[in-house]
Amino acid sequence: MESSILFVLVLALLFLGVPIAIALGLSSVIVIAFFSTDSMSSVALQLFTASQNYTLLAIPFFILASAFLSTGGVAQRIIRFAVATVGHMRGGLAMASVLACMLFAALSGSSPATVVAIGTIAIAAMRQTGYSKEFAAGIIANAGTLGILIPPSIVMVVYAAATDVSVGRMFLAGVIPGLLAGVMLMVGIYINARIRGLQPQPFPGFGEILSAGKDAAAGLFLIVVILGGIYGGAFTPTEAAAVAAVYAFLVALFVYRDMGPLKGRKWVREEDGHAARNGFLGVVYAFTLYVTILIFGFFLVPDSTLQTRQMLAISVSLVALVAYLAWREGTSAPKALLASLPVWARGLKDIVLGFPAACFHRDTRKVLVDSGKTTIMLMFIIVNALLFAHVLTSERIPQTITDWMLGAGFNWFTFLIAVNLLLLLGGQFMEPSGLLLIVAPVVFPIAIQLGVDPIHLGIIMIVNMEIGMITPPIGLNLFVTSGITGMNLVRVVKAALPFTGILMIFLVIVTYVPWISTFLPTILMGPELVTR
C-alpha cells in the first residue's frame with residue numbers, strides 16, 4: 001500500500017511539472033508522515049547523513065575542474081590534437097570531434113560540459129568543411145554522452161554512493177566500454193562518409209600531431225594525475241577530485257593563461273630566442289617525464305619503494321633532458337639551459353605576483369559561481385533522491401520486488417532486459433543522477449541475488465543514462481545541443497537518431513558481454529565483494 005502511494009505521488013508531482021528534487025523529497029516526507037511507521041526524525045537524519053557522504057564530496061570538485069577546463073581553452077587544444085590524429089580519414093573531422101569528446105570526457109566527468117566545450121568549436125568547424133548542420137549536431141549530441149561513461153565520471157560517483165561499491169572499480173570499469181563506444185561511433189561515421197562519398201583531407205604529418213599533442217599535453221596530463229594517483233595509492237577518488245580542481249585552476253590560469261590576469265602573456269616570447277625556447281621546453285619535458293615515471297612506476301614495479309622510483313625518475317629525466325638539448329642545440333646545450341633561466345624567472349614571477357589577483361579575478365569568480373549553481377542543483381537532487389531511497393528500503397520495497405521476480409522465474413538474462421527497459425523509459429523523463437538513485441536501491445539487491453556483478457550492473461545503468469540524455473522529451477544533451485546550434489529540438493532529435501541506434505547496439509553488447517566492464521577492475525583490483 002505504502003509503496004503504491006509513494007510511486008503515485010512521485011509520478012503525479014512530476015507530471016504536474018514539479019522539479020524532480022522536490023517531487024522525490026515531498027513524496028517521501030508525505031509517506032513517512034501519514035502512511036509509514038517510520039519517525040519524522042528520520043527525514044532530518046537522512047538529509048544530514050546524505051550531506052555528510054564522503055564519496056559525494058567528489059562531485060563539486062569534479063564540476064569545478066570541468067568548469068575551469070571548459071573556460072580555459074583546453075577544449076580548443078584537444079580538438080586540434082584530435083583533428084591532427086584522425087582528421088585525414090574519410091569523415092575525419094567528425095571522427096576527430098568524437099575523439100575530442102572522449103578526451104574531454106576523461107577530464108570533465110560531465111556530459112553537458114563535454115557537449116558545450118567541444119560542440120561550440122567542433123560544430124562550427126564541421127559546417128565550414130561541408131558537413132550539414134544536422135549531421136554535426138547529431139555527432140556532438142551522441143559523442144557528448146561519453147562524458148558520463150569515460151572516467152572520471154560524476155554519475156559513477158553517484159552510483160558508488162547509492163550502492164556502496166568502489167568508485168575506483170567503477171572508474172576502471174568505464175575505460176573499455178568508453179573506448180568501445182567511441183570506436184563504434186567513429187566506424188558509423190566512416191561508413192556514412194563512404195556512402196556519401198566524402199573525400200579524406202591531406203595527412204598533416206607527424207610534426208603537426210606532435211605539436212598539437214604538446215600543446216594539449218598540460219590539460220590531458222590531468223588524466224594521468226587522476227587515474228595514476230588513485231590506482232597508484234596516492235589518494236582516494238574524492239581526494240583525486242580535489243587535486244583535479246586545483247590542477248585545472250593552475251593549468252587554466254597559469255599554464256595556458258587563457259583566462260585571469262595573465263591572459264595573453266606567453267611563457268616564451270619572440271624576443272627570448274631559439275635557445276631559450278628549447279631550454280625551457282627541455283625542462284618542461286623532463287619534469288613531465290619525471291612525474292609520469294613516478295606514477296606509472298607503481299604499476300610497473302609494484303614492490304619498489306618510493307625512494308627507488310624517485311631515483312629512477314630523476315635519472316631517466318636527466319638523461320632525456322640532456323638528449324633533447326643535444327639534439328636541438330648540439331654543443332650549445334648548456335647555453336640553452338642557461339638562456340631559459342630568465343624565461344623561468346619571468347614566468348614564476350608572474351605567477352607569484354598574479355596569484356592573489358587570479359583568485360579574485362572576474363573569470364575565476366564566474367567559474368566558481370557557475371560551478372556552485374550546478375553543484376547546488378545536483379546535490380539537492382541527490383539528497384532528496386537518497387531520502388526517497390531510504391523510504392524504499394524502510395518499506396522493504398526492494399525485497400518485495402526481489403521475491404516477486406525470483407518467484408516469477410526471472411534469471412539474470414531476463415532481469416537485465418527488464419532493467420534496460422525500465423531505465424530507457426525512465427531516462428526519457430528524468431535527470432540521470434536522480435533516476436539512478438531511485439532505481440539503483442531497487443534493482444541492486446535483485447542483481448546480487450541473481451549473480452550479476454555490481455560493477456557490471458553499474459556500467460549497464462550508466463549506458464542507459466547515456467541514451468536517456470539523447471532521447472526526448474527531457475534528454476539534457478538535446479537541449480544543450482539545441483542551445484549551441486540554434487536548431488529547434490525536433491531537428492536535433494532527428495539529427496541524433498541514427499547515431500542513437502549505434503548506442504543501442506552498444507548497450508546490448510555491454511549488457512550481455514560482462515567482461516567488457518569487469519576485466520580491468522578484476523585484473524587490477526580483484527573482484528568486487530558484496531556482503532549479502
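Predicted model: local features only at pLDDT ≥ 70, side-chain atom pairs only at ≥ 80, totals over all residues.
Let's start with helix α11 (residues 175-196) and helix α24 (residues 489-512), whose axes come within 10 Å and cross at roughly 140°. The crossing of α11 past α24 is right-handed. On the α11 side, the residues in contact are P177, L180, A181, M184, L185, G188 and I189, while α24 brings F499, I502, I505, F506, I509 and V510. Sort them by class and you get twelve nonpolar residues, one polar and no charged ones.

## A threonine tucked away

T145 belongs to the loop between α8 (133-143) and α9 (154-163). Its relative accessibility is 0%, so T145 counts as buried. Leaving aside residues up to four places away in sequence, T145 touches S111, E466, M469, I470, N477 and L503.

## Rings meeting rings

The model has 17 aromatic pairs. Take F203 and F206: their ring centres are 5.3 Å apart and their planes sit at 75°, so this pair is edge-to-face. F203 is partly exposed at 40% relative accessible area, and F206 is exposed at 66%.

W267 and W344 are also edge-to-face, because their planes are at 65°, with ring centres 5.9 Å apart. W267 lies in the loop between α13 (237-255) and α14 (274-300) and W344 in helix α17 (residues 341-360), so the pair ties together parts 77 residues apart in sequence. Elsewhere, ring pairs join F68, F249, F254 and F355 into a cluster.

## Charges over rings

R77 has its charged end over the ring of Y256, 3.8 Å from the centre, and R328 lies over the face of W327, 4.5 Å from the ring centre.

Definitions and conventions: Residues numbered from 1 in each chain as written. Heavy atoms only, no water. Axes fitted to C-alpha atoms, helices over the stretch in contact; angles between N-to-C directions. Helix = DSSP H or I, 4+ residues; strand = E, 2+ residues; numbered from the N terminus. Left-handed = near helix turned anticlockwise from the far one by under 90°. Contact = heavy atoms within 4.5 Å. Nonpolar A, V, L, I, M, F, W, Y, C, P; charged D, E, K, R; others polar. Buried < 20%, exposed > 50% of the residue type's maximum accessible area, 1.4 Å probe, protein only. Phe/Tyr/Trp six-rings, centres within 6.5 Å; stacked < 30°, edge-to-face > 60°. Lys NZ or Arg CZ within 6 Å of the ring centre and 35° of its normal.
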